[in-house]
Amino acid sequence: MAQLQTTDFMDWSGSFDDQEIMIQNTAHDWVQERFMPTIRSHYQAGTFPMELVPEMGELGFFGANLPETYGCADINNVAYGLIMHELERGDSGLRSFASVQGALVMWPIWQYGSDEQKQKWLPKLASGELIGCFGLTEPGHGSDPGGMVTRARKDGDNYVLNGAKMWITNSPLAHLALVWAKDEQDVVRGFLVERGTPGFETPEIRGKLSLRASVTGEIVLQDCRVPAKNVLPNIQGLRGPLSCLTQARYGINWGAVGAATDCYEEALDYAKSRIQFDQPIAGFQLTQQKLAEMVNEITKAQFLTLQLGRLKDRGEMHHWQVSLTKMNNVRMALEIARSTRTILGASGIVDEYASMRHANNLESVLTYEGTHEIHTLVVGNQITGIEAFR
Amino acid sequence: MKIVVCVKHVPDTETKVAIGDDGKSLNPAGVKYILNPYDEFAVEEALKLNEADGDGEVIVVSVGPEAAQSSIRTALAMGADRAVLLTAEESALMDGVSIAQVLAEEVKTLEADVILTGKMAIDDYGYQVGSMLGELLNLPVLSTARELTISDGKATIVRDIEGGKETMEAPLPCVITAEKGLNEPRYPSLKGIMQAKKKPIEMKEAALTDGGFEILEMTYPPEKPAGRIVGEGPEAAAELVRLLRDEAKVI
């Protein structure tokens, strides 16, 4: 199998099997040929290339690690990670789109939903016919989601939802929102809210300087009546949304390596061809140091992430391992994006090059789905046994 | 419709090739292999024909080393049904005649309605196997197709000729070779890749005969001389045009 010609200093890809390589190739080729020609204009316009969603569904990028019964590809978690790697090599907004759809909407329906919910929603979410979003964060509750004030009051065969969710990827585009709210017993439950339900609004958040090729919004719930059959029956408590986030962060961890690799390769190409003082700037020690440190950091992150994937495939992955990898990978990717920008000089600030776009995106990735600081405390909690969140 | 597609496992065009120590073969170290791109057009066309037909089978046949299974898997992941790999050492694959003979023997047993292959392989630029296959099977050959339609037991192709297009027709079964532009090959979908794992690849040893020729030597192209700066600013344009016309003779 022809392995992608990309940064692989320590034969990382040597342990991928044929399926994993072929899947990475499909994702890579699709991103480079179909997505990359559109990214600059979408990033400037603040829009997502919706015209590509059916192709992503057709290729199987949504919920790729879920079972075939629901129209998914049932691939292993390393192959799933490699898709995220290639999507985020393109843009964090593209990977975010697939992460939300697959890990935050399809995965919880598959894991916690009724048979009827699975049959009804999963095939259409897999094909991209329907777009989903995940409502957990609130204006007043980010790192502390347990403090949520969104409420669900039982009324006959319905629940009546009131509250507001903020920073919700894809909410303005979504046909279906998985909203987390507390019931009258103060227990967090998951509600599948369909577009068109009275009292459900999704205003877009404008003015973002990061993740511009991703649509972000609020979810406003005003006496929004949701049938009781739209509650996820098999999960109660904060563990529900947190377990979804573990799935999505797993994908982020792979994606960050992809973004870092895209930056490093841009830095290397530029440094080898940019002539100053009659020689390529790659020949100067300070530039070489930057490049060597980049490849060093990427290589470490590759193996950390691959190990996380193999653990997940064995059913042995723990959430603190996901936290450690997110801490490492996203900070690493952001630093590489910034360092690449310095190698590119003025060229680095225009959208002809990717590093500043990646850097701006990674500013969000550093703090979304658990801030760098919270993940640090998750790891701290794991090694000391002492919770330092509050 | 039963369609046979003959494919070859070739070095990736992105691979930097090096000549081996014997001075007449490629150094295989670090060389990545892919499904020959012209054969990929042939696979895509076969799949499209069968999808339109709604019924039938696409069988991939290849002569190559055991490692060629990876390129065959790509074709199976795109949607082909099954494959036959006639195994042979890489070093025995240079001669188009013996390859075509081995393929013809196998293809004969498959009783296909259409036999598709790329117009050439991008490694040796032989341009031989498709036409020879037609000859050995005693079937008509429609070569370098950029468009293909099949109806009423006939194949019609359109191909580029100097200054225009040519439309040709032949009764089925026939051999058709694919030119770039015939179609846009699909990306293997994730489901396709997972299904390909379960599709059979039948392996048989290829009875290749000795080639009628031998390779004496491989050499690198001469190094490009350094560029020349003919002047600066708009004044240099006229001189540049003169040199491109009179010296380089490219305009």
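Is B:Arg186 buried, partly exposed or exposed, and what is its relative accessible area? B:Arg186 is partly exposed, at 24%, where buried stands for under 20% relative accessible area, exposed for over 50% and partly exposed for what lies in between (1.4 Å probe, protein chains only).

The model is a predicted one, in which local features need pLDDT of at least 70 and side-chain atom pairs count only at pLDDT 80 or more, while totals for chains, interfaces and linings use all residues. Residues are numbered from 1 along each chain as its sequence is written, chains are lettered from A and ligands numbered from 1 in the order in which they are written, and side-chain values use heavy atoms, with hydrogens and water left out.

The side chain of B:Arg186 meets that of B:Glu51 in a salt bridge, at 2.7 Å from N to O; the term denotes a side-chain nitrogen of Lys or Arg within 4 Å of a carboxyl oxygen of Asp or Glu. This pair links distant parts of the chain, 135 residues apart: B:Arg186 lies in the loop between strand 11 and helix 5 of chain B, and B:Glu51 in helix 1 (residues 37-53) of chain B. Helices (H or I, at least four residues) and strands (E, at least two) are DSSP runs, numbered from the N terminus. B:Glu51 is exposed, with a relative accessibility of 52%.

Helix 1 of chain B has 17 residues, and from its first C-alpha to its last it reaches 24 Å, close to the 24 Å expected at 1.5 Å a residue; the expected span is 1.5 Å times one less than the number of residues. The buried residues of this helix include B:Phe41, B:Val43, B:Leu47 and B:Leu49, and also B:Asp39, B:Glu44 and B:Glu45. After helix 1 of chain B comes B:Gly54, with a positive phi near 80 degrees.

B:Glu239 pairs with B:Arg242, their closest N and O atoms being 3.2 Å apart. These two residues are three apart in the helix and therefore separated by about one helical turn. B:Arg242 also meets B:Asp246, at 3.9 Å from N to O. Here the residues are four apart in helix 6 of chain B, which again means a separation of about one helical turn. Shared partners join B:Glu239, B:Arg242, B:Arg245 and B:Asp246 into one network of salt bridges. Partly exposed positions are found at B:Glu239, with 31% relative accessibility, at B:Arg242, with 37%, and at B:Asp246, with 40%. Over all chains, the count of salt bridges comes to 33.

The discussion now turns to the interface. Contact, defined by heavy atoms within 4.5 Å, involves 19 residues from chain B and 24 residues from chain A. The area buried between the two chains is about 1700 Å², of which carbon and sulfur atoms give 66%; buried area is the accessible area (1.4 Å probe) that two parts lose on being put together, summed over both. In chain B, B:Tyr187, B:Leu190 and B:Ile193 lose the most area to chain A, together 42% of what that side buries.

Between chain B and chain A there is one salt bridge, formed by the side chains of A:Glu68 and B:Lys198 at 3.9 Å from N to O. On the side of chain B that touches chain A, the elements giving two or more residues are strand 3 (33-35), helix 2 (69-78) and helix 5 (190-196) of chain B.

Some backbone features remain. Most residues other than glycine have a negative phi, and most peptide bonds are trans. A:Trp167, although not a glycine, has a positive phi of about 65 degrees. A:Trp167 belongs to strand 3 (residues 158-169) of chain A and is exposed, with a relative accessible area of 52%. B:Glu111 likewise is not a glycine and has a positive phi, of about 50 degrees. B:Glu111 sits in the loop between helix 3 (96-110) and strand 6 (114-118) of chain B and is exposed at 64% relative accessibility. The peptide bond from B:Leu172 to B:Pro173 is cis, with omega near -10 degrees, and B:Pro173 lies in the loop between strand 10 (164-171) and strand 11 (174-178) of chain B.
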